[in-house]
Amino acid sequence: MASNGVVSGNTLIVSFGEMLIDFVPTVSGVSLAEAPGFLKAPGGAPANVAIAVSRLGGQASFVGKLGDDEFGRMLADILKQNGVSGDGILFDEGARTALAFVTLRADGEREFMFYRNPSADMLLRPEELNLDVIRSAKVFHYGSISLIVEPCRSAHLKAMEVAKESGALLSYDPNLRLPLWPSADEARQQILSIWDKADIIKVSDVELEFLTGSDKIDDETALKLWHPNLTLLLVTLGEKGSKYYTKSFHGTVDGFHVKTVDTTGAGDSFVGALLCKIVEDPTILENESKLREVLKFANACGAITTTKKGAIPALPAEAQVLALING
């Protein structure tokens, strides 16, 4: 797109939502109760996506609220150190930064325990939003955790509306965290309440099953999630790669086999890579061979992210991704 003199400001990817601290056991494969100690790891899917974008050379900004505490200041610093603009970050003096205790079970899957009562991210109010940052987004990316409670839910809806009015592509990764919702039904209902607003949606195979009520991971099931305003629907399949659906074509792109240590952040890395490439060249969305190349790149990013503990330390730079692809 740059060939027609579009300014670089038009490649900004704005991530909206939560950033928190994950406390991860110092030992793998134990329950939270059995863990002898914990390491703190910055996390929160929207923040991970912003850092994934920045690490791949893209322009990223994060919009959200942190506690005015040591952890909140630390997280803001981590964004800054990773080249993510913090113009959309607010600090709440009356609430703490959210915490999550996350353990990797022996089978590599995660178990969560959250401390949000309420945490600062939940208290973001619509009138506090930095609308200039949101209006300058080429892509506006968000999840569903910010829909769980007010006032953050209203802030989320307003931010989406402002981004859409300003011509941004809306990118949605529901990032289901059932323990945070009052019930599974409420989660399903709220996640789907903003479904038809998004241009790009990415779900995991587990989320596909949850949202459709089907245990089949096939085209028919995936297309139940299609809506008329959608440009691209993606289903990530872990090490099996990803499926893609557009109005004109669909298919599967194989994943990469790596030695997996921790799956945290793999989906965020995938999304960051995809969005980076789309802002560089929006025609990717209409060109199947270009899209397949991009998804191969995004799959490689996701794979590399699983080879290290924690999301942010594991997010790759472009050179690492190309090395894996060229094997």
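Tutor: Let's start with a word we will need: a residue is buried if its relative accessible area is under 20%, exposed if over 50%, and partly exposed in between, using a 1.4 Å probe and protein chains only. Helices (H or I, at least four residues) and strands (E, at least two) are DSSP runs numbered from the N terminus. This is a predicted model, where local features need pLDDT of at least 70 and side-chain atom pairs count only at pLDDT 80 or more, while totals for chains, interfaces and linings use all residues. Residues are numbered from 1 along each chain as its sequence is written, and side-chain values use heavy atoms, with hydrogens and water left out.

Student: How far apart are the end C-alpha atoms of helix 2?

Tutor: The expected span of a helix is 1.5 Å times one less than its number of residues. Helix 2 runs over residues 70–81, twelve residues, so it should span 16 Å; the C-alpha atoms at its ends agree, being apart by 16 Å.

Student: Which residue with a positive phi follows helix 2, and which one follows helix 4?

Tutor: Each of these helices is followed by a glycine. After helix 2, phi is near 80° and the residue is Gly83. After helix 4, phi is near 90° and the residue is Gly167.

Student: Which residues of helix 4 are buried?

Tutor: Helix 4 has 14 residues and reaches 20 Å from first C-alpha to last, close to the expected 20 Å. Its buried residues are covered by elements including strand 1 (12–16), helix 3, strand 8, strand 9 and helix 5. They are Cys152, Arg153, Ala155, His156, Ala159, Met160, Val162 and Ala163.

Student: At what angle do the axes of helix 8 and helix 9 cross?

Tutor: Two packed helices are described by the angle between their axes and the distance between the axes. The axes are lines fitted to C-alpha atoms, for helices over the stretch in contact, and angles run from 0 to 180 degrees between N-to-C directions. Helix 8 (residues 266–280) and helix 9 (residues 288–305) have axes that come within 8 Å, and the crossing angle is roughly 150°.

Student: How many residues of helix 8 are buried?

Tutor: Helix 8 has 15 residues. It is mostly covered, and the number buried is 13.

Student: What is omega for the peptide bond from Glu150 to Pro151?

Tutor: Pro151 is in the loop between strand 8 (139–142) and helix 4 (152–165). The bond from Glu150 to Pro151 is cis, and omega is near 0°.

Student: Is Asn175 buried or exposed?

Tutor: Asn175 is in the loop between strand 9 (169–172) and helix 5. Its phi is near 50°, a positive value in a residue other than glycine. With a relative accessible area of 12%, Asn175 is buried.

Student: Which residues does Asp219 contact, leaving aside neighbours within four places in sequence?

Tutor: Asp219 belongs to helix 7 (residues 219–223). A relative accessible area of 29% makes Asp219 partly exposed. Its contacts, with those neighbours left aside, are Lys243, Tyr245 and His250.

Student: What is the relative accessibility of Lys243?

Tutor: Lys243 lies in strand 12 (residues 242–245). Among the residues that Lys243 touches are Ile217, Asp219 and Leu233. Lys243 counts as buried because its relative accessibility is 13%.

Key:
Contact = heavy atoms within 4.5 Å.
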